[in-house]
Amino acid sequence: MTIKKKILLSNITMLLLLLTLVLVITFYIIRVFINDYDTYEIESVNFRSEDSISVYELQSVFNNLMKMTKETGGNIKKSKYFSVISELLDKSGTLVEIKVDQMTTYRTEGYENDDIYRIACNVTDADVNNHTAVMYSDTSSFVYRTDLALDDGKVAEILLVNEKVGARELLKDNDKFQADRIRRLKDSILSISFIGTIVIIILNMVIVAMVSNSITKSLYKLKEGARMIAEGNLDFEIEDDTNDEVTEVIQTFDFMRSKLYESTMNQRRQEEHKKEMIAGISHDLRTPLTSIKGYVAGLIDGIADSPEKQQQYLTTIYNTAEEMGNLVDELFLFSKLDLDRVAFNFEKTDIVEYLSFCCDDLMFSLEKRNVVLTFTNLIKEKVYVNIDKNQFSRVLLNIADNTAKYKVNEIGRLDISVEKEEDIVRIELKDDGVGVPAHAAEKIFDSFYRNDPARTNPVSGSGLGLAIARQIIEAHDGRIYARSNVGEGLTIIIEMNIIKSGNKEGIE
């Protein structure tokens with residue numbers, strides 16, 4: 001859940017709590033009024049003054065009369081509360097007459113037929129029988145009259161008359177009664193407000209704590225991650241199972257950390273690679289330099305005391321210097337490739353025709369080094385790729401040179417085949433040389449890598465040939481990799497993208 005939703009939800013919750021509190025207080029206020037004005041329990045009817053009666057108390061008496069009438073079918077004398085209600089009627093000087101289907105079932109003692117109805121008519125100046133419900137009050141009298149449907153389908157008429165109300169202003173009929181009402185109402189409001197306030201405060205604290213904890217917990221993780229990065233530790237992962245904006249920040253932070261870690265590891269590998277490269281250059285330059293110094297010293301010391309020996313020493317010095325020049329040239333090319341400073345001239349090329357031409361050239365040079373080359377075409381149609389012909393031929397030449405250097409038999413073999421698979425052309429160059437361990441197959445493309453870790457192998461070469469080949473192939477958006485086992489030869493695979501119909505013929 002997002003932080004925005006959490007805050008919105010907490011605000012809605014607090015709003016609902018406040019609304020609930022207002023509704024509860026309103027309910028209790030209404031309940032207090034109803035309890036005072038419309039009480040159904042006879043035991044709760046208690047007059048608060050001996051001299052007068054309030055309209056609320058008369059209403060309570062009348063409501064209880066209706067309840068008793070309905071329960072007894074109009075004969076309220078059968079009710080267990082009759083003695084209580086009779087005492088209340090006598091005490092308040094209230095007259096009552098009850099009829100069921102025009103037959104009197106109860107009348108206040110001492111009054112004849114329709115006497116109470118006549119009193120009611122005199123009080124109201126109207127015929128109360130013409131109305132199903134009457135509630136009348138003046139300065140000294142009060143009249144209630146209603147029709148009530150009974151369970152057996154009959155209709156009961158209830159008439160209540162009191163001429164001792166004392167005042168028409170209802171709220172002032174009984175000061176003590178009104179004061180009690182206000183006190184109870186005030187106590188109810190205060191109690192509900194106090195309890196509601198405590199509940200709202202507690203719930204607010206809980207909600208705030210939950211929202212803040214969900215945010216601060218993630219921020220603490222972010223803080224801890226920043227501290228670890230500041231200490232140089234990048235090898236860790238920040239996990240956060242929440243789902244809000246802070247989580248997105250943490251995920252972005254962790255992505256940055258992983259990229260920084262990857263960059264740091266790459267930088268360290270490059271530094272190690274540079275150290276190995278410098279060591280390789282130092283070794284490969286020191287060896288011919290030592291040889292040159294030895295032969296020059298032999299010339300100076302007069303060891304070469306004949307023209308033939310002198311010519312032999314000078315030829316060796318020249319050839320060694322030539323090897324050093326080749327090493328410097330390859331190192332220069334490797335550096336330019338590494339810095340993307342080699343300009344490639346890509347052109348649309350029929351790969352089968354091109355490889356066939358290159359193999360013809362390589363065949364003669366490899367024959368001089370006792371290596372037999374074969375070419376196999378497994379493609380049945382024209383297939384075009386974008387290549388720089390000069391640079392790509394250097395790749396083939398470097399691989400062929402590697403085959404010649406590491407052959408184990410007197411006559412070595414190099415089998416070149418080409419095939420198509422979906423959108424790529426795969427070129428395989430397989431020899432029968434010494435091979436390398438399977439785990440080291442990818443390392444042969446590193447600069448100055450040789451299978452002999454101590455670099456005591458007498459095989460000559462710069463150690464940059466396959467590294468240069470990889471950089472050239474990658475510049476072609478291709479892929480080069482190797483498969484090998486010791487004693488089983490080495491297979492180098494080159495994969496190039498095929499030009500689809502509609503592509504431009506070349507890329508500059």
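This is a predicted model: local features need pLDDT of at least 70, side-chain atom pairs count only at pLDDT 80 or more; totals for chains, interfaces and linings use all residues.
Colleague: Let's start with the whole chain. How much of the protein chain is buried, and what makes a residue count as buried?

Modeller: Buried means under 20% relative accessible area. Of the 508 residues in the protein chain, 40% are buried. As for the secondary structure, the chain has ten helices and twelve strands.

Colleague: What is the order of the strands in the open sheet of five strands?

Modeller: The order is E2-E1-E5-E4-E3, and the pairing is antiparallel. Neighbouring strands in this sheet are turned by 15° against each other on average, ignoring direction.

Colleague: Why do strand E2 and strand E3 count as standing at the edges?

Modeller: Strand E2 (103-107) and strand E3 (133-137) each have a single partner strand, so one side of each has no neighbour in the sheet. That's what puts them at the edges.

Colleague: How do you know that E4 and E5 really pair?

Modeller: Two strands pair if there are at least two bridges between them. Strand E4 (residues 142-149) and strand E5 (residues 155-162) are joined by eight bridges, and they run antiparallel.

Colleague: Now the charged side chains. Why is the pair of aspartate 114 and lysine 99 called a salt bridge?

Modeller: The rule asks for a side-chain nitrogen of Lys or Arg within 4 Å of a carboxyl oxygen of Asp or Glu. In aspartate 114 and lysine 99, the closest N and O atoms are 3.2 Å apart, so the pair passes the 4 Å cut-off. The two residues are 15 apart, with aspartate 114 in the loop between E2 and H4 and lysine 99 in strand E1.

Colleague: Are those two buried or exposed, or something in between?

Modeller: Lysine 99 has 9% relative accessibility, so it counts as buried. Aspartate 114 has 27%, which makes it partly exposed, because that label covers values between 20% and 50%.

Colleague: What makes arginine 145 and glutamate 157 a salt bridge?

Modeller: Their closest N and O atoms are 3.4 Å apart, so they also fall within 4 Å. Arginine 145 is in strand E4 and glutamate 157 in strand E5, so the pair ties together parts twelve residues apart in sequence. Arginine 145 is buried at 4%, and glutamate 157 is buried at 10%.

Colleague: What separates aspartate 254 and arginine 257 along helix H6?

Modeller: About one helical turn, because they are three residues apart in helix H6 (residues 245-300). Aspartate 254 counts as buried at 12%, and arginine 257 is buried at 7%.

Definitions and conventions:
Residues are numbered from 1 along each chain as its sequence is written. Side-chain values use heavy atoms; hydrogens and water are left out. Helices (H or I, at least four residues) and strands (E, at least two) are DSSP runs, numbered from the N terminus. Buried means under 20% relative accessible area, exposed over 50%, partly exposed in between (1.4 Å probe, protein chains only). Axes are lines fitted to C-alpha atoms, for helices over the stretch in contact, and angles run from 0 to 180 degrees between N-to-C directions.
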